[in-house]
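Please keep the display in view while reading, and locate each part as it is named.

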Amino acid sequence: MATQHSRSAARLMMAPAVILLMGWMLVPLTMTIYFSFKRYLPLRGGDLGWTGFDNYVRFVTSTAFWPSVQATLVIVGGVLVITVVLGILLAMLLDQPMWGQGVVRILVIAPFFVMPTVSALVWKNMFMDPVNGLFAHLWRFFGAEPIAWLSEASMTSIIMIVSWQWLPFATLILLTAIQSLDSEQLEAAEMDGAPLLKKFYHIILPHLGRAITIVILIQTIFLLSIFAEIFVTTGGAFGTRTLTYLIFQRVLESQNVGLGSAGGVYAIILANIVAIFLMRIVGKNLDA
Amino acid sequence: MGRIQLKKVTKSFGEVEVIPPLDLTIEDGEFTVFVGPSGCGKSTLLRLIAGLEDITSGHIEIDGTDATNVPPAKRGLAMVFQSYALYPHMSVRKNIAFPLRMAKLDQAEIERRVNGAAEVLNLTDYLDRRPGQLSGGQRQRVAIGRAIVREPAAFLFDEPLSNLDAALRVGMRLEISELHKRLETTMIYVTHDQVEAMTMADKIVVLRAGNIEQVGSPLDLYHSPRNTFVAGFIGSPKMNLFEGPEAQKRDAHTMGVRPEHITVSDSDGLWSGVVGVAEHLGSDTFFHIHETGLADTITVRVDGEVSFKHGDRIHLTPREDVIHRFDGKGLRLA
Amino acid sequence: MARAVSTQRKALNTTVAWTIGLLIFFPILWTILTSFKTEAQAIASPPIFIGFDWTLENYAVVQERSNYMRFLWNSVIIAGGSTILGIIIAVPAAWSMAFVPSKRTKDILLWMLSTKMLPAVGVLYPIYLLFIQMGLLDSRAGLVVVLMLINLPIIVWMLYTYFREIPGEILEAARMDGASLREELLYILTPMAVPGIASTLLLNFILAWNEAFWTLNLTAVDAAPLTAFIASYSSPEGLFFAKLSAASTMAIAPILILGWFSQKQLVRGLTFGAVK
């Protein structure tokens, strides 16, 4: 639809965004890769020369590595299961006719707009505090011994907090997808006498397939790098040190930049594996 | 004035040549229709004339001056788009005034022209509405109004009626024809609907795969189609085209008979066949005849109501003086 | 769906949905309520829900003690600045990709998206180092740039999906009508794109406001926004529920209100147009 003139103008207009993002990607990435092959301790002697793949080996063989992978997987997996399952149920509920639908929608979505540090702190203190938290009151009311959530059930606590933050996202996207379901399809199924459960399995769930995939992929990208929620609650203690948090500690707390950078490269590779799948779906959608 | 000449114009998208070298002259004041099946390049051709696409080689002349590298706005042409392309955020008045504002006309002149156009197009009561509040036909009129006020050398219409329902389409067809009679400005009109082409055009350009198959007046095309493609495309219902002994008897590879040039009889005739579906339109009746030994189906058009039923065996006789004959390449034999 | 539903069924739906909705919203509600209690009431056992003496004292204390206004101002500057800067850079890019697409447009869009997938922690040290060397550590300007860069892909994508909904024929009509590129942008594209740009602005403002990796790691005192201000309450000595609640309420209230306006855009923006 274009003439030669508009084509060159277009390239010029795209340039700033492309150049900036190119720089944003390449410069730090190159530096991370560079540091990952160095023994580099800014506070303890600085640049101590090349070490080859030493950092990569040390990162994966350190005692903290596998637990951190496990913590990451448990958190990501747990949050995904909770948000997707509850998200589907909630989306189906919100799609039903009711009074005050708009208000309920707003109530459900609200947690997504709460900044991570606030939600983590509110949960940590006002709900999970073993003495004054609401849960402690609730436990005591039923005659049970209050739980020190963030030390005794640290993973459960973090998963709860993060799920609360991401449930709105899953619900909102799945709700949008459900609403795009052709009502004639459902009516046809009704004419064919399909019971509710069959309708769910054969019509609603397949229709949601793509939206569920997108929710899973996008959440995975974000969940792999959750930080503030751990930073202000456990600080990585009690088995909640994720890969992201471990790298953060190596780089900024113990200032072992070489080691942390090698970890960073692992994290980048991991994120890219997930990203490839997401891009495929998004890319397909672009053609449509 | 609006005489448009295309000289050896070609257009390629990458490797794909959509318009092979093409020559065409559109005379001043002529209503020219580009017609052809979808994908035949008719819209591309219109967009080349408009300047919305660069031509790959060749020249476009408007009123004798080379316009090949002139930007769209400077060609003095106005276009009505298939989707009408009205500016949704502007009132009807502002939509119509937009090209005049761009041309930096003074406010009084803009006002005068907009009101004039609105009167011609029965839009006076709607001038302060937004396009979203108008019906399809009204939007169409606004799009035309926006074209008229510029007093262009030629109007370009890109399938302007395809988004309207059938009844409205007939009405708008008449309005556009009347507009042409009144303005006497060159109009180029793209459509895939041969009925629109036949009813509106002074000159029809039949296109297929970027090639011009035939140029001529509607009746030229009807009476002497240059090849089997044009023969099959122009006329409704379609011309019956078939090969075989009947064609050879008339020294042709393919022969064509229009449905309205066959007479039917229950007693005798040249060919015979069995009535399949009969479409009763009241004013006339279309029969689809099978088992004639000529082609799968022969279509016949009969005036008024005729009471043949499904399964009846009937006899057909073509009018020999209006039979069309084509050679092995599909070209018309004199 | 125009289906007949019995009133009982509707009543049941309503009850269940409202119960769940309130349950999900409860932590926010509880925070807001607690912010109006005294510290003693905030930790009273059993907890008091409504029947307490409402006070604004916590808000005054928070402002006085920690200079809340400065953090708020930092948040506004950082979130606002990065969003506006991002929009300025993204509008021309998205425009050209939507209206003058080439064979590489799709690849460029996907590549931009892929930069968003880069885990922040993977490039934490290089950015940290660059910030030190350029004197940008704990500066608002530095954070504006970083947050602009991490949100730029989303901004470009959102604008692209909005622009793509503007029919190309309208821009061609403007060209036929004699509009120059500048006039086309000014009179046709911009007014038609305003709703889309506004939604993009809103969503990215929210994302930048809530960003809590770079804001925590690249600021100390001067440029710290509300995310960092709240994080400072995680230390034990800051543990006063009512004051924490007041601070939290102040940090989230503006965004909650903005967020409610942007529900629809949220879906589009965060799924890169894959779910509409």
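Read along the sequence, chain C follows the pattern α-α-α-α-α-α-α-α-α-α-α-α-α. Its secondary structure accordingly comes to 13 helices and zero strands. Along its principal axes, the C-alpha trace of chain C spans about 75 × 70 × 35 Å.

The scores for the model are ipTM 0.83 and pTM 0.77. Chain C has an average pLDDT of 83, and 92% of its residues score at least 70. Among the elements of chain C, helix H4 has the highest mean pLDDT, 90, while helix H13 (residues 263-270) has the lowest, 69. For chain A the average is 84, with 97% of the residues at 70 or above. Within chain A, confidence is highest in helix H3 (residues 65-95), at 90, and lowest in helix H9 (residues 183-191), at a mean of 76. As a general rule, where pLDDT is low, the predicted coordinates should not be read in detail.

How do helices H4 and H9 of chain C lie relative to each other? The axes of H4(C), residues 68-99, and H9(C), residues 181-210, come within 9 Å and cross at roughly 140 degrees. Angles over 145 degrees would count as roughly antiparallel, so this pair is described as oblique. The crossing of H4(C) and H9(C) is right-handed. On the side of H4(C), the residues that meet H9(C) include Ser75(C), Ile78(C), Ala79(C), Gly80(C) and Trp95(C). On the side of H9(C), those that meet H4(C) include Leu189(C), Ile197(C), Asn204(C), Phe205(C) and Trp209(C). By class, the residues of this contact between H4(C) and H9(C) divide into 10 nonpolar, seven polar and no charged.

The next topic is how chain C meets the other chains. Towards chain A, 87 residues of chain C are in contact with 88 residues of chain A. The element of chain C that gives the most to this side is helix H1 (residues 7-34), with 16 residues. The side of chain C that touches chain A consists of 65 nonpolar, 20 polar and two charged residues.

Towards chain B, 14 residues of chain C are in contact with 16 residues of chain B. Two or more residues of the side of chain C that touches chain B are given by each of helix H8 (168-176) and H9 of chain C. H8(C) provides the largest share of that side, six residues. By class, the side of chain C that touches chain B has eight nonpolar, one polar and five charged residues.

Chain B itself may be read in parts. Its domain assignment gives domain 1 (4-231) and domain 2 (237-326). The centres of these two domains of chain B, taken over C-alpha atoms, are separated by 38 Å. Four residues of domain 1 are in contact with six residues of domain 2 in chain B. The side of domain 1 that touches domain 2 has two nonpolar, two polar and no charged residues.

Within chain B, helix H2 and helix H4 (residues 136-148) pack with their axes 7 Å apart, at an angle of about 30 degrees. Because angles under 35 degrees count as roughly parallel, H2(B) is roughly parallel to H4(B). Their crossing, that of H2(B) and H4(B), is right-handed. The contact is made by Val92(B), Asn95(B), Ile96(B), Phe98(B) and Pro99(B) of H2(B), together with Val142(B), Gly145(B) and Arg146(B) of H4(B). These residues of H2(B) and H4(B) divide into five nonpolar, two polar and one charged.

Two details of the backbone of chain B complete the reading. Most residues other than glycine have a negative phi, and most peptide bonds are trans. Lys104(B) has a phi near 60 degrees, a positive value in a residue other than glycine. Lys104(B) is placed in the loop between helix H2 (92-102) and helix H3 (107-120) of chain B. A cis peptide bond, with omega about -5 degrees, joins Ser236(B) and Pro237(B). Pro237(B) lies in the loop between helix H8 (228-233) and strand E11 (240-243) of chain B.

Conventions: Residues numbered from 1 in each chain as written. Chains lettered and ligands numbered in written order. Predicted model: local features only at pLDDT ≥ 70, side-chain atom pairs only at ≥ 80, totals over all residues. Axes fitted to C-alpha atoms, helices over the stretch in contact; angles between N-to-C directions. Helix = DSSP H or I, 4+ residues; strand = E, 2+ residues; numbered from the N terminus. Parallel < 35°, antiparallel > 145°, perpendicular 65-115°, else oblique. Left-handed = near helix turned anticlockwise from the far one by under 90°. Contact = placed C-beta atoms within 7 Å. Nonpolar A, V, L, I, M, F, W, Y, C, P; charged D, E, K, R; others polar. Domains from an automatic or database assignment. pLDDT = per-residue confidence, 0-100.
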